[in-house]
Amino acid sequence: MKKNILFVVNPISGDLDKSDLIGAVEEFASVNNFDLKVYETTGEDDLRKIQFLYNKYAPERIIVAGGDGTIKMVAEAVEEYDVIIGILPAGSANGLSVDLNLPEDVEANLRIAFLHHYIEMDMICINGKKSIHLSDLGLNANLVKNYEQSDVRGFWGYALQAFTTLTESEEPFVATISANNKNVEHTARMIVIANSQKYGTGVVINPNGAMNDGKFELVILKSLDLLLIGKIITGNMPIDSDDIVIISTDKARITTDYPVNFQIDGEYCGAQTDLSIYILHKQMKIAVP
């Protein structure tokens, strides 16, 4: 008896044409004797429709072609079910796939997504919203906001907005952080809420992070001068620097002295002054190399 696989594809993620990828997935499923059900997201009630398809077909795995936002949406749709999620990176933000060391080769990725073992991965809950990868307050969230509002997509869109964001960056903010039964106050340019180690660009921001350890890290960047940015971008994250504080915990609260731009997994979430954060341990099963 053939095993069912549900294939969820976001047709517009990353402004990439998915027809070749869909063809490759269909061929792989056929050769390996899987019964493939294809669902293309529309932005209209996708979460409920994916739940309906899961209950109808009881797939062994759900393969997702899209970026971090699509993966997170699927994970939320099936959070009550015992199912393995396989990832085919195909978005403008593919941070999770970079962190999982998924290869760029489509054929290799298909084997991992359909056939490989999995890890039980944590998620983070922030003000009731789920985060699977990296969220942050401050400078990078400004960049995400500017990118969402611009017409230029892909790498050059990010590069253009990075320049604009750095030249127009807001004043530092004062953050009061409650974690591990302590209250601390820091003046910061950016605070990262990290379930993993690196951004989709490959930049390591949380060198000791693990996605299945029941903890998340708050990475507090007090200064963001060009020298520090240069070190971070070139993979030399100076974790012993006075400009960087890292707090590892399973729950925290952050309050700021004025509303600061905030993003979750590459999605801008407005300006915030109060974040309540806790870990959701072993929340989803993800296929890995």
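**Close-up 1. Contact of helix 2 with helix 3.** Asp 46, Leu 47, Ile 50 and Gln 51 of helix 2 meet Met 73, Val 74, Glu 76 and Ala 77 of helix 3, contact meaning heavy atoms within 4.5 Å. By class, these residues are five nonpolar, one polar and two charged. The model is predicted, with local features needing pLDDT of at least 70 and side-chain atom pairs counting only at pLDDT 80 or more. Residues are numbered from 1 along each chain, and side-chain values use heavy atoms, without hydrogens and water.

**Close-up 2. Crossing of helix 2 and helix 3.** The axes (lines fitted to C-alpha atoms over the stretch in contact) of helix 2, residues 46-57, and helix 3, residues 68-77, come within 9 Å and cross at roughly 55 degrees.

Close-up 3. Ring centres lie 4.9 Å apart and the planes stand at 45 degrees, so the pair of Phe 28 and Phe 114 is tilted. Rings pair if their centres lie within 6.5 Å; planes under 30 degrees apart are stacked, over 60 edge-to-face and the rest tilted. Phe 28 belongs to helix 1 and Phe 114 to helix 5, 86 residues apart. Both Phe 28 and Phe 114 are buried (under 20% relative accessible area; exposed is over 50%, partly exposed in between, with a 1.4 Å probe and protein chains only).

**Close-up 4. The pair of Tyr 54 and Tyr 81.** With centres 4.3 Å apart and planes at 20 degrees, the rings of Tyr 54 and Tyr 81 are stacked. Tyr 54 is buried at 12% relative accessible area, whereas Tyr 81 is partly exposed at 27%.

Notes. Axes fitted to C-alpha atoms, helices over the stretch in contact; angles between N-to-C directions. Helix = DSSP H or I, 4+ residues; strand = E, 2+ residues; numbered from the N terminus. Nonpolar A, V, L, I, M, F, W, Y, C, P; charged D, E, K, R; others polar. Phe/Tyr/Trp six-rings, centres within 6.5 Å; stacked < 30°, edge-to-face > 60°.
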